[in-house]
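Please consult the sequence and the structure displayed below while reading.

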Amino acid sequence: MADEIVQRLMDSPEVAAAATPYTPAFVASNAQAGALPPKSPSFPPSDVDTDIPAGREAGPFDIAVVIGNRHYTAPGVPEVDFAEHDAATVRDYLVKELGYRPDNILFEPNATLAKFNELFGTADSPHGKLFNYVKPGVSSVFIYYTGHGAPDLNSGDAYFVPSDGNPGYIAASGYRLATFYANLGKIPAARFTVVLDTCFSGNSAHGLLFKNVSPALLRVKTGYRGPSNATILTAGAEDQVATWYPDKGHSLFTYFFLKGIRGEADTNGDHQITAGELKAYLADRVPYMARRLSGIEQTPVVSGASDAPMLSLAP
């Protein structure tokens, strides 16, 4: 009788579900580029996750790169809690509001250094996948990155931290910000929009990325410039910390970036959102909420022509 009861329990749906290995929902890759990635089950949908407005269709040769680095393999490097969710939501907006073809979006959760090199090229050559996807003089390019950034402790150079990168040896294991901008300048796109939800201070909402290093010793170079045909939006100054908005399930900057392009940044109501309008909107919302939520200073930086069009809203 006892054996029969045990067998019934083992055959129950609840036990079977508990015994099934957990697979994160966010496992989409470019092998399935035609399908939108599922949302992470960890975060209930916020107001920017639902009812994404329809916009104008992007050009058939417009290309996007979306990277969301949450998980890091180096010991002691904290996760970026909302990075996967942010990246998945940005990809939704690219398809639904900005009108990008799904197969024109290079979507990379937890990108390694090899993947950065594959996408953007190396210091020796800009001929990565993005270069090959661009139709010269025609393609508009949108790039979104969320994850850690860090300075080299010796030179102060800023680096993206790949998912397999080690901040303590970032010159050997990171992707240099100067290389990123230099290579974009060699890609013959019509224009670029670059959105970087990261900071390069070596600090994070979960603390320092470095072991046994005083924050006072961390210095990062400033004054990085992208191509002349680029609009660049960053979550904050190079030496600031990009914070999160836990109640919304997103980083603070990405949340208000999405709110802005949904239409809240269209201050003159002409159904066009320019870089200047988005800059003013982010400057009004992000610093206040950063102080309120985390007690820190975070001031987004937007560079490029203020009248540069970001997107057209459907009337």
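Leaving aside residues up to four places away in sequence, Val 134 touches Ser 139, Val 141, Ile 187, Pro 188 and Ala 189, where a contact means heavy atoms within 4.5 Å. The model is a predicted one, in which local features need pLDDT of at least 70, side-chain atom pairs count only at pLDDT 80 or more, and totals for chains, interfaces and linings use all residues. Residues are numbered from 1 along each chain as its sequence is written, and side-chain values use heavy atoms, with hydrogens and water left out.

**Val 134 and Ser 140**

Val 134 belongs to the loop between helix 5 (129–133) and strand 3; helices (H or I, at least four residues) and strands (E, at least two) are DSSP runs, numbered from the N terminus. With a relative accessibility of 7%, Val 134 counts as buried, a term that means under 20% relative accessible area, while exposed means over 50% and partly exposed lies in between (1.4 Å probe, protein chains only). Ala 64 is 70 residues away from Val 134 along the chain, and the C-alpha atoms of the two are separated by 9.9 Å.

Ser 140 is part of strand 3. Its relative accessible area is 15%, so Ser 140 is buried. Beyond four places in sequence, Ser 140 touches Asp 62, Ile 63, Tyr 100 and Arg 191.

**The chain as a whole**

The chain contains nine helices and 13 strands. It has 315 residues, of which 51% count as buried. Among contacts with a separation of 6 or more, 74% are between residues 24 or more positions apart.

The mean pLDDT of the chain is 83, and 79% of the residues reach 70 or more; pLDDT is the predictor's confidence in each residue, from 0 to 100. Over residues 1–41, pLDDT stays under 50, and the model has 36 contacts beyond four places in sequence for this stretch.

Strand 8 (residues 230–234) is mostly covered, with five of its five residues buried. In a regular strand, side chains alternate between the two faces of the sheet. In strand 8, Ala 230, Ile 232 and Thr 234 point one way, Thr 231 and Leu 233 point the other way, and all are buried.

Strand 7 (residues 191–197) pairs with strand 8 in the parallel sense over five bridges; two strands pair if DSSP finds at least two bridges between them. Within this pairing, Thr 231 in strand 8 is the bridge partner of Thr 193. Strand 8 also pairs with strand 12 (residues 301–303), in the antiparallel sense and over three bridges. Here Ile 232 stands opposite Ser 303 in strand 12.

Strand 5 (residues 158–160) and strand 6 run antiparallel and are joined by two bridges. Tyr 159 stands opposite Arg 176 in strand 6.

**Pockets**

A pocket is found on a 1 Å grid over the protein atoms alone, as an open set of points where a 1.4 Å probe fits, with protein on both sides within 12 Å along at least five of seven lines; lining residues have an atom within 4 Å of a point. Grid points are joined across faces, edges and corners, and a volume is the space filled by probe spheres set on the points.

| Pocket | Volume |
|---|---|
| Largest pocket | about 330 Å³ |
| Second largest pocket | about 260 Å³ |

The largest pocket is lined by 18 residues, and Leu 98, Tyr 100, Arg 191, Met 310 and Leu 311 are the closest to its centre. Strand 3 (140–146), strand 7, helix 8 (252–264) and strand 13 (309–312) each supply at least two lining residues. Strand 13 gives the largest share of this lining, four residues.

For the second largest pocket there are 16 lining residues, with Tyr 181, Tyr 224, Thr 234, Glu 238 and Val 301 nearest its centre. Helix 7 (177–184), strand 8 and strand 12 each supply at least two residues of this lining, and strand 12 gives the most, three residues.
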